[in-house]
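Student: I would like to go through this model and check the terms against their cut-offs. Can we start?

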Amino acid sequence: GRPDPCTVVIFGATGDLAERKLFPALFELDRSHLLPDHFAIVAYSRSKLVGDAFREHVKEGLQKFARTQPLDEATWKRFAPRLEVVSGAYDDPASFARLREKLDEVSRHHATDGNQLYYMATPASTFPQILHGLAEAGLLKREEQPGQRPWRRLVIEKPFGHDLDSARELNRELSAVLDEKQVFRIDHYLGKETVQNILVFRFANAIFEPLWNRNHIDHVEITAAEKIGVEGRGGFYDETGVIRDMVQNHLLQVLALCAMEPPVSFAAEDIRDEKTKVFRALRPLEGREVAEAVVAGQYEGYRKEKGVKPDSRTPTYVAMKMNVDSWRWQGVPFYVRAGKNLKQRLTEVSIHFKSVPIGLFAGEGATCQRLQPNVLTLRIQPKEGIALSFESKVPGEDVSIAGVTMDFNYAESFDKPVPEAYERLLLDCMRGNATLFARQDSVEQAWSYVTPILRALESGEGGEVHTYAPGTSGPDAANAIPARDGRRWTRL
Ligand code: BG6
């Protein structure tokens, strides 16, 4: 259904995320008539752009980044008057007092009933200041019981901390002023249709789940390759690196959806409980073990990017072997890779099934090759879809066998465009549905796993950071990870 009337307050409203993702998503929701009738946006930013100059700036961004082009003027006519601005600092009580006045005015003018969604589209270092500013100005109200009105919700963007300790500290700060139910930790991968479809694929079909375990699956490969480099985000990225940027959140979430047990229901807490169990079952890696299971890389030229330290050791690529120590997954490795500046953009999960027990067809003719195990590929992006490879007889007099594929393609099967992750996620926050958001305990679990790996890499005990040429599939050293188990990367 449509969300309650509300005001969305965006901190960091002139930043990259707001321009590329948030305004386009809100605009598209408005175009599709999914926003409440009584709705407003208050943009809070340190820039001095106000009033129509700010609206013009937003419009220019939309002309570049809105999903539907050319920009729909009728929607813009509805959208622009819902856009208000407060320019202020993050550490200045007077600015927050002005925000409060603006919110009162907007709530009256747009009849938003005082419901407010605060979106932190700012660097993580500003979160404590903003939280403090909001709390001091009386703009946060702890939810004492479900359904309390007016509601106050807070959306934060990753990284949720820099390591386990800072993640705990952030969670303490959040829980000092808000109930966990009011906090929405965005992981935009969970908003992707193809990622949501992992659970539907597994649990709305009877034929895959009986095979979804150590008895039938040999290993799982998860790849998130990007063609782009750090693209002007060098300062942020150099402090972050690929493990904090992609693995701690996006890829562990994808892994959890693939590895979790069936939830007792599709309710937010039931799903999040099961995902947390997967994180708890990840086999810890520390110290020298990291050198065996993890290969880090940095693309050539990275150190010359703006904002990057000339002697930086920050990895822009990582390949690793993860194990989920659960009944279901014992002995099934998950090989996970992520990197920037690689040869192609490709995010997918491939489930590699075991080989047939005996080679009935071996030697049945000169062209009979070794049988390839079945592979199920969940293509998250691009060419969104799912493919299953299997062996087939090549037509002819002898038994010659070749691999073929059954392929499902979103673009061919559905005539609707795939919405952007942020559209779905923003709508869910407004509706108060936390299913697709990361919960405090699972974020901390994910950090517990990742922090010792980061420490080992940072100290050098976890191995060197290999360089790789841009436009390749990453450092060759990464091949050793599956090779040690007699396997190889099959993608990229
Ligand atoms: C973001 C990272 O969270 O995800 C970026 O900060 C990365 O570095 C991006 O490029 C990848 O997202 P997508 O949706 O393009 O796969």
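Student: What does Phe 11 touch, not counting residues up to four places away in sequence?
Tutor: Phe 11 touches Tyr 44, Tyr 90, Phe 96, Leu 99, Tyr 118, Tyr 119, Met 120, Ala 121, Thr 122, Ile 130 and Leu 134. Contact means heavy atoms within 4.5 Å. This is a predicted model: local features need pLDDT of at least 70, side-chain atom pairs count only at pLDDT 80 or more, and totals for chains, interfaces and linings use all residues. Numbering runs from 1 along each chain as its sequence is written, and side-chain values use heavy atoms, without hydrogens and water.

Student: Which residues touch the most other members of the largest nonpolar core?
Tutor: Ile 10, Phe 11, Phe 23 and Leu 99, out of 148 residues. Such a core is a set of buried (under 20% relative accessible area, 1.4 Å probe, protein chains only) Ala, Val, Leu, Ile, Met, Phe, Trp, Tyr and Cys residues joined through side-chain atoms within 4.5 Å. Helix H8 (residues 234-259) gives the largest share, 13 residues.

Student: Why are H1 and H2 called roughly perpendicular?
Tutor: The axes of H1 (residues 16-31) and H2 (residues 51-65) cross at roughly 90° and come within 9 Å. The term covers 65 to 115 degrees. H1 and H2 are therefore roughly perpendicular. Phe 23 of H1 and Phe 54 of H2 are among the residues making the contact.

Student: What makes E3 and E6 edge strands?
Tutor: The open sheet runs E3-E2-E1-E4-E5-E6, with parallel pairing. Two strands pair if DSSP finds at least two bridges between them. E3 (83-87) and E6 (183-186) each have a single partner strand, so one side of each lacks a neighbour in the sheet.

Student: How do you know that E2 and E3 pair?
Tutor: E2 (residues 39-45) and E3 share 5 bridges in the parallel sense. Tyr 44 stands opposite Val 86 in E3.

Conventions: Axes fitted to C-alpha atoms, helices over the stretch in contact; angles between N-to-C directions. Helix = DSSP H or I, 4+ residues; strand = E, 2+ residues; numbered from the N terminus. Parallel < 35°, antiparallel > 145°, perpendicular 65-115°, else oblique. Buried < 20%, exposed > 50% of the residue type's maximum accessible area, 1.4 Å probe, protein only.
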